[in-house]
Amino acid sequence: MAVLTLSQAQLAFGHVALLDNAAFSLETGERVGLIGRNGTGKSSLLKILAGLEKPDDGLLQLQSGTELAYVPQEPDFAPGATVFSTVSEGLGDIRSLRERFESHAEGEDLDALMTQIEARNGWNWEQRVDETLQRLRLAPELPIDGLSGGTKKRVALARALVASPDVLLLDEPTNHLDLDAITWLEELLVAFKGSVFLISHDRAFLDAVCTRIVELDRGTLRSYPGNFAAYETLKAQQLADEAVSNARADKLLAQEEVWIRKGVEARRTRSVARIKRLEVLRETRAARRDVVGRVKLEVSQGERGGKIVAELEGVSKRFGDRDIVKNFTGTILRGDKVGLIGANGAGKTTLLKLILGELAPDSGTVRQGANLAVAYFDQMRDNLNLDATLADFISPGSEWIEINGSRKHVMSYLTDFLFSPARANSPVRTLSGGERNRLLLARLFARPSNVLVLDEPTNDLDIDTLDLLEDLLADYPGTVFLVSHDRRFLDNVITSSIVAEGEGRWREYEGSVEDWLTQSRRAQAMAAAKSTPPKAAAVPAPAPAAPAPSAAPVTSKPKKKLSYKEQRELDELPARIETLEEEQAELNRTLADPDLYRKQDAHSIAGLQARIATIDEELLGLLERWETLGGA
């Protein structure tokens with residue numbers, strides 16, 4: 001049964017129709033993900049469903065008694081409020097009923113108030129707030145003003161969930177959340193008993209949470225059953241069919257235009273029905289809203305830098321009594337694509353500044369490579385002048401931009417990033433969040449560089465732009481430092497990751513996020529196996545002369561005794577594991593030596609890497625055998 005239905009919705013800004021007779025219904029228990037290009041009206045649609053805005057035309061219907069909760073991209077909080085007071089705002093009407101009852105104001109019908117309070121379970125609203133805070137792991141006494149972006153997002157979710165709504169409306173809920181928090185949110189939404197309608201461009205998140213994908217495409221809402229992976233398959237087929245249909249229609253229109261323009265003799269014999277069909281073809285072609293073009297991304301490459309970008313040896317950095325970086329050693333080479341992974345506040349920005357020489361370490365040494373030209377993507381958009389025009393923001397004081405030796409007019413360059421020439425003189429403040437991020441990327445890529453620093457570039461970017469940005473970064477010949485919580489984006493771009501492991505400890509892992517998770521789990525298993533000594537073979541105790549009358553009967557099955565050969569194998573396993581670990585550590589040190597890449601050929605280096613992979617498999621097998629024998 002549909003808890004929410006939108007029909008024949010119309011919404012336009014200027015000459016662009018964001019909703020064009022759009023229709024949508026949300027069923028009980030569904031988790032629907034809304035996707036679409038930046039600026040297509042997704043947030044406006046969500047506000048219409050929340051009752052915060054009205055469409056130009058159309059009808060929104062809610063099932064009787066349905067409670068909605070809406071969480072915007074950037075939630076607002078009262079200054080000076082605490083977490084508890086902010087979350088309790090989600091029960092504003094219930095709190096008001098109880099306050100009116102307790103004040104005994106003249107003229108109040110106390111019996112009616114009592115009935116309403118009991119129906120809404122309002123006598124214990126403080127307990128409901130406390131339970132919600134515990135569930136979302138929030139401290140009630142903390143002041144809102146000092147919280148990180150990720151914690152503020154948790155508070156906004158708590159404020160929405162405390163009223164136990166039937167429908168949860170979320171606008172970009174994963175923005176500002178770290179990987180652990182995103183996993184937590186996935187579990188929370190999957191367990192949520194009501195219906196969920198959310199906007200997100202995080203493909204892994206959509207795959208994990210959604211039961212249906214709805215795309216806002218050229219004013220129309222199109223529904224695709226299943227998660228994002230299922231949507232990609234269906235959408236590709238749909239676009240192919242649409243292209244074939246449009247090509248046939250264009251060919252027929254061209255033929256009829258030739259026919260109508262023939263000489264006088266042809267016009268005397270022309271068919272009225274055929275002329276009518278031509279008029280219909282013209283109207284259909286004029287009304288067609290073609291697929292929006294794709295962003296054309298190109299990075300202006302700076303002077304080629306040295307082989308080594310940065311070399312860190314025993315680097316530590318402390319703020320107050322807290323270790324942000326503790327005894328970190330690593331080497332970054334030209335062409336590396338490095339992901340910095342850690343919880344919000346772990347110190348990713350501090351480590352990045354140490355690597356690039358913008359911050360001096362308390363101890364240890366940092367050596368930067370030669371000819372570094374660094375271009376930054378600003379996560380918080382601090383340098384975004386909202387009053388500047390798009391053209392002035394991209395190229396202040398000039399109509400031309402130079403990209404890799406060729407000049408391009410600023411209007412043409414903006415068109416590459418899907419900004420029409422008509423908008424080039426519009427102020428930046430008129431752009432949506434995703435369009436502002438796209439504009440920042442346009443400015444970033446116009447600057448010559450051989451090192452790119454991207455701090456949360458994926459926030460608000462649509463999925464098509466993410467795909468192209470991934471391809472661009474993969475082909476970029478320079479070095480990339482990437483801070484992001486979008487797992488799919490990281491997996492598709494990075495070649496190694498530097499991960500925060502707590503208490504200022506950072507560790508470098510080769511490969512993608514999935515590779516890090518696999519290696520991390522394996523290291524934890526090996527550490528657990530080392531800390532647990534192998535069980536010695538049981539020595540049977542002498543039987544007592546006579547069992548005590550009150551002794552309970554023994555029901556546990558005795559462990560199987562190891563054979564001589566198995567016991568000897570078990571005794572030898574720790575030494576074999578230690579030998580392999582030492583060999584692996586020595587190989588990793590060899591591969592980390594920059595001189596290796598100047599002295600050895602690619603075949604020799606590949607052999608070392610293959611040996612490391614083989615050792616990983618051997619260690620896993622030995623650990624499994626140790627567990628089998630130790631538990632025998």
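Student: Which helix holds Glu-435?
Tutor: The model is predicted. In it, the helix that spans residues 433-445 includes Glu-435. That helix is H15.

Student: Is Glu-435 buried or exposed?
Tutor: The cut-off for buried is under 20% relative accessible area. Glu-435 has 7% relative accessibility, so Glu-435 counts as buried.

Student: Which residues does Glu-435 touch, not counting residues up to four places away in sequence?
Tutor: Contact here means heavy atoms within 4.5 Å. With residues up to four places away left out, the residues that Glu-435 touches are Asn-38, Gly-39, Phe-419 and Arg-423.

Student: What percentage of the residues of the chain count as buried?
Tutor: The chain has 632 residues. It contains 21 helices and 20 strands. The buried part of the residues is 43%.

Student: Among contacts between residues at least 6 apart in sequence, what percentage join residues at least 24 apart?
Tutor: The count takes in contacts in the chain between residues at least 6 apart. Of these, the share joining residues at least 24 apart is 69%.

Student: Where in the chain is confidence lowest?
Tutor: The chain averages a pLDDT of 80, and 82% of the residues score at least 70. Strand S7 (residues 195-199) has the highest confidence, at 96. The lowest, at a mean of 47, is in helix H10 (residues 264-268).

Student: How many contacts beyond four places in sequence does the model have for residues 536-559?
Tutor: Over residues 536-559, pLDDT stays under 50. Where pLDDT is low, the predicted coordinates should not be read in detail. For residues 536-559, the number of such contacts in the model is three.

Definitions and conventions: Residues are numbered from 1 along each chain as its sequence is written. This is a predicted model: local features need pLDDT of at least 70, side-chain atom pairs count only at pLDDT 80 or more; totals for chains, interfaces and linings use all residues. Side-chain values use heavy atoms; hydrogens and water are left out. Helices (H or I, at least four residues) and strands (E, at least two) are DSSP runs, numbered from the N terminus. Buried means under 20% relative accessible area, exposed over 50%, partly exposed in between (1.4 Å probe, protein chains only). pLDDT is the predictor's confidence in each residue, from 0 to 100.
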